[in-house]
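Visitor: I am new to this structure and would like to be taken through it step by step. Please show it first.

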Amino acid sequence: MKIQIVRDVLEANDQLADSIRGEAKKLGFTLINIMSSPGSGKTSLLESVIPELKKKGIRLAVIEGDITTTADAERIAILDIPVAQINTEPFGGDCHLGAEVIIPALQKFDLANLDLVFIENVGNLVCPAEFDTGADYNFVVISTTEGEDKPLKYPLMFRVCDTAIINKIDLLPYLDIDINKLKKNISQINPKINLMSCSAKTGENIPGIAQFIFNLVK
Ligand SMILES: Nc1nc2c(ncn2[C@@H]2O[C@H](COP(=O)(O)OP(=O)(O)OP(=O)(O)O)[C@@H](O)[C@H]2O)c(=O)[nH]1
Ligand SMILES: [Mg+2]
């Protein structure tokens, strides 16, 4: 008898993540995983970008990941799209979403009739970067209030992401941050990353970000 040993948790996660990407390809939907520190504006970005995507005819749904509460899911449900909440507290309060929790969340949706599913990961700039969710694209949101040095101090997040969105640019007049230095630090960690900036509050550059996401949809 041959016994297969799964070498580690990350290897098991990677296998599940690949199966999610295979299913998304087969069914024809795109999966985008949005990560950031707590409070950088992931939900706010979704709230501003989703109406634009709906206007373009995109059929979408959102998976919300939080340690506890359904607060973000309730904010998204107002936009009249399907939303599934994952709370990690019942299984140890994980600070990230692994592929094994994305699978049952996806099963709550009518996937054959969706073009795009967003994952809002647990607010954390470290752990979510280590676990492949099965997403086709990974986005990091970083707000102007976090300082220029975060890409250098938390490099893995910026390495695994295809796209970085600098949010809260409406606050620039009130902050000491040098946005060009922040952009330079992001590009230093990942020269290939797509770099955009916006204000989810005022709507500045939101149409451009919606168009960018529209172009990623299969
Ligand atoms: N001034 C300003 N405030 C913003 C902007 N985007 C979000 N906020 C505020 O920042 C706070 C956090 O925003 P959320 O969208 O809840 O952030 P989040 O990343 O989803 O937070 P978690 O899910 O808890 O990690 C809220 O008070 C928002 O109103 C922005 O562009 N400008
Ligand atoms: Mg949120």
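Guide: A residue is called buried if 20 or more other C-beta atoms lie within 10 Å of its own, exposed if 12 or fewer, and partly exposed in between. The model shown here is predicted.

Visitor: Which residues of helix α8 are buried?
Guide: Helix α8 covers residues 206-216. By the cut-off of 20 or more C-beta atoms within 10 Å, the buried residues in α8 are Ile 209, Ala 210 and Ile 213.

Visitor: Within what arc do the buried residues of α8 fall, seen down its axis?
Guide: An α-helix has 3.6 residues a turn, so residues three or four places apart point the same way. The buried residues of α8 line one face of the helix, because the arc they fall within, seen down the axis, is 100 degrees.

Visitor: Which residues are exposed on the other side of α8, and what covers the buried ones?
Guide: On the other side of α8, the exposed residues are Gln 211 and Asn 215. The cover over the buried residues of α8 includes α2 (42-55), β6 (163-167) and β7 (194-197).

Visitor: Where is Val 217, and is Val 217 buried or partly exposed?
Guide: Val 217 is placed in the segment after α8. It has 17 other C-beta atoms within 10 Å, so Val 217 is partly exposed.

Visitor: How many Å apart in space are Val 217 and Asp 115, C-alpha to C-alpha?
Guide: Leaving aside neighbours within four places in sequence, Val 217 is in contact with Thr 30, Ile 58, Asp 115 and Leu 116. Val 217 and Asp 115 are 102 residues apart in sequence, but their C-alpha atoms are 6.7 Å apart in space.

Visitor: Which residues have the most contacts inside the largest nonpolar core?
Guide: The largest nonpolar core has 55 residues. Those with the most contacts inside this core are Leu 60, Val 117, Phe 118 and Val 140.

Visitor: What is Val 117 in contact with, leaving aside its neighbours within four places in sequence?
Guide: Val 117 is one of the residues with the most contacts inside the largest nonpolar core. With its neighbours within four places in sequence left aside, its contacts are Phe 29, Leu 31, Leu 60, Ala 61, Ile 63, Leu 106 and Phe 109.

Visitor: At what angle do α1 and α4 pack?
Guide: Two packed helices are described by the angle between their axes and the distance between the axes. Helix α1 spans residues 9-27 and helix α4 spans residues 99-106, with their axes 8 Å apart. The two helices are roughly parallel to each other, because angles under 35 degrees count as such. The angle for α1 and α4 is about 30 degrees.

Visitor: Which residues of α4 meet α1?
Guide: By class, the contact of α1 with α4 has six nonpolar, one polar and one charged residues. From α1 come Asn 13, Leu 16, Ala 17 and Ile 20, and they meet α4 at Ala 99, Glu 100, Ile 102 and Ile 103.

Visitor: Is Ala 99 buried or exposed?
Guide: Ala 99 belongs to helix α4. Leaving aside neighbours within four places in sequence, its contacts include Asp 132, Thr 133 and Gly 134. It has 21 C-beta neighbours inside 10 Å, so Ala 99 counts as buried.

Visitor: Why does Ala 24 count as buried, and what is Ala 24 in contact with?
Guide: Ala 24 is in helix α1. The residue is buried because it has 20 other C-beta atoms within 10 Å. Leaving aside neighbours within four places in sequence, Ala 24 is in contact with Phe 29, Thr 30, Leu 31 and Asp 136.

Visitor: Where is Leu 111, and what does Leu 111 touch?
Guide: Leu 111 is in the loop between α4 and β4 (116-120). With 16 C-beta neighbours inside 10 Å, Leu 111 counts as partly exposed. Not counting residues up to four places away in sequence, Leu 111 touches Leu 27, Phe 29 and Leu 106.

Visitor: Is Asp 80 buried or exposed, and what is its phi?
Guide: Asp 80 lies in the loop between α3 (71-77) and β3 (83-87). Asp 80 counts as exposed, because it has 10 C-beta neighbours inside 10 Å. Although Asp 80 is not a glycine, its phi is positive, at about 65 degrees.

Visitor: Is Lys 168 buried or exposed?
Guide: Lys 168 lies in the loop between β6 and α7 (179-189). Lys 168 is not a glycine, yet has a positive phi of about 70 degrees. With 24 C-beta neighbours inside 10 Å, Lys 168 counts as buried.

Technical notes. Residues numbered from 1 in each chain as written. Chains lettered and ligands numbered in written order. Predicted model: local features only at pLDDT ≥ 70, side-chain atom pairs only at ≥ 80, totals over all residues. Helix = DSSP H or I, 4+ residues; strand = E, 2+ residues; numbered from the N terminus. Arc of directions from axis to C-beta. Contact = placed C-beta atoms within 7 Å. Core = buried A, V, L, I, M, F, W, Y, C linked by C-beta atoms within 7 Å. Axes fitted to C-alpha atoms, helices over the stretch in contact; angles between N-to-C directions. Parallel < 35°, antiparallel > 145°, perpendicular 65-115°, else oblique. Nonpolar A, V, L, I, M, F, W, Y, C, P; charged D, E, K, R; others polar.
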